[in-house]
Amino acid sequence: MNTFPGPRIIVALDYPDPEPALTFVGQLKPSQCRLKVGFELYTRSGPAIIEKLVGRGFDVFLDLKFHDIPSTVAKACAAAAKLGVWMLNVHVLGGRRMLVSAREALESGTKRPLLIGVTVLTSHEAGDLAEIGITSSAEAQVTKLAALASKCGLDGVVCSAQEAASLRSIYGDQFCLVTPGIRPLGSARGDQERVVTPLAAVQQGANYIVIGRPITQSPDPVMVINRIINEIAHS
Ligand code: C5P
């Protein structure tokens with residue numbers, strides 16, 4: 001059962017400029033997918049790109065992974081909510097007070113965005129974690145940070161499909177799992193190391209699957225999206 005209704009596909013709009021991003025989005029429908037705007041596009045285009053995408057009826061995930069002192073993060077979250085984003089994220093490593101401040105900052109708005117925690121970056125290997133003072137395994141660290149996110153009232157976490165099943169069993173259906181590293185059958189892995197198919201991710205418990213290049217670099221993005229929708233329809 002998916003507690004979070006509507007399209008499960010979040011297309012990562014990893015474009016350097018707003019024009020090609022908006023041209024690409026012109027082919028898509030809000031009923032098929034949601035959109036993710038990250039550092040590159042946001043740094044280049046600012047709030048205008050969010051307003052345009054929201055204006056076209058899309059749910060927008062603002063992927064800026066806020067991590068700062070509680071009051072600064074709270075104000076950034078409130079500013080994002082004013083832009084009308086549907087989802088935003090913060091680093092769980094920011095700690096309890098930052099997480100609670102972020103959640104509280106969103107509570108006053110009329111349409112509250114989903115607040116999602118980033119646990120351990122999938123680019124971090126054991127050696128990278130040790131170097132920044134984290135001696136537990138990546139898996140143990142994800143579990144610890146997901147627990148903190150849940151305790152602080154966040155709506156869910158970003159996680160790999162490999163982590164999704166165990167997080168789902170611990171936190172239940174109300175905890176939102178957002179999963180990147182997805183590759184539809186037959187598409188190139190690119191720089192993603194551990195990839196799973198859309199169906200496998202959903203079966204592992206992902207509520208939303210983040211997919212970039214297999215859709216944005218396809219000659220027929222709508223066909224790829226429809227194929228994924230069909231693939232996961234009966235999961
Ligand atoms: O093109 P691709 O499908 O690999 O894009 C995946 C998107 O998800 C990118 O925007 C990337 O930054 C993001 N992401 C990821 N792995 C994570 C967290 C975010 O690939 N662990």
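**View 1. K151 in helix α7 of the predicted model.** The structure shown here and in the views below is a predicted model. K151 belongs to helix α7, which covers residues 138-151. Its relative accessible area is 61%, and a residue counts as exposed when this value is over 50%, so K151 is exposed. A second residue for orientation is R34, 117 residues away from K151 along the chain. The C-alpha atoms of K151 and R34 are separated by 27 Å.

**View 2. E125 in the loop between β5 and α6.** Strand β5 consists of residues 114-118 and helix α6 of residues 126-131. E125 is located in the loop between these two elements. With a relative accessible area of 58%, E125 is exposed. S45 lies 80 residues from E125 along the chain, and 32 Å separate the C-alpha atoms of the two residues.

**View 3. Helices α1 and α3 packed against each other.** Helix α1 is made up of residues 18-25, and helix α3 of residues 47-55. The axes of the two helices are 11 Å apart and form an angle of about 10°. Angles under 35 degrees count as roughly parallel, and α1 and α3 are therefore roughly parallel to each other. On the α1 side, the residues that meet α3 are P18, L22 and V25. Their counterparts in α3 are I49, K52 and L53. Sorted by class, this contact of α1 with α3 has 5 nonpolar residues, 1 charged residue and no polar ones.

**View 4. The largest pocket and its lining.** The volume of the largest pocket is about 1100 Å³. Its lining is formed by 40 residues. Those nearest the centre of the pocket are K65, T122, P180, G181 and Q192. Several helices and strands each supply at least two residues of the lining: α2 (39-45), β3 (60-66), α8 (161-171) and β8 (208-211). By class, 17 of the lining residues are nonpolar, 11 are polar and 12 are charged.

**View 5. K65, a lining residue of the largest pocket.** K65 is one of the residues nearest the centre of the largest pocket, and it lies in strand β3. Most residues other than glycine have a negative phi. K65 is not a glycine, yet it has a positive phi of about 45°. The relative accessible area of K65 is 22%, and the residue is partly exposed.

**View 6. G172 in the loop between α8 and β7.** Strand β7 spans residues 176-179, and G172 is found in the loop between α8 and this strand. G172 is partly exposed, its relative accessible area being 26%. G186 is 14 residues from G172 along the chain. Between the C-alpha atoms of G172 and G186 the separation is 32 Å.

View 7. Q204 has a relative accessible area of 34% and is partly exposed. Apart from its neighbours within four places in sequence, Q204 is in contact with A161, A164 and A165. G133 is 71 residues from Q204 in sequence, and the two are 30 Å apart in space, C-alpha to C-alpha.

Note on methods:
Residues are numbered from 1 along each chain as its sequence is written. This is a predicted model: local features need pLDDT of at least 70, side-chain atom pairs count only at pLDDT 80 or more; totals for chains, interfaces and linings use all residues. Side-chain values use heavy atoms; hydrogens and water are left out. Buried means under 20% relative accessible area, exposed over 50%, partly exposed in between (1.4 Å probe, protein chains only). Contact means heavy atoms within 4.5 Å. Axes are lines fitted to C-alpha atoms, for helices over the stretch in contact, and angles run from 0 to 180 degrees between N-to-C directions. Helices (H or I, at least four residues) and strands (E, at least two) are DSSP runs, numbered from the N terminus. Angles under 35 degrees count as roughly parallel, over 145 as roughly antiparallel, 65 to 115 as roughly perpendicular and the rest as oblique. Ala, Val, Leu, Ile, Met, Phe, Trp, Tyr, Cys and Pro count as nonpolar, Asp, Glu, Lys and Arg as charged, and the others, Gly among them, as polar. On a 1 Å grid over the protein atoms alone, a cavity is a set of points where a 1.4 Å probe fits but cannot get out, and a pocket is an open set with protein on both sides within 12 Å along at least five of seven lines; lining residues have an atom within 4 Å of a point. Grid points are joined across faces, edges and corners, and a volume is the space filled by probe spheres set on the points.
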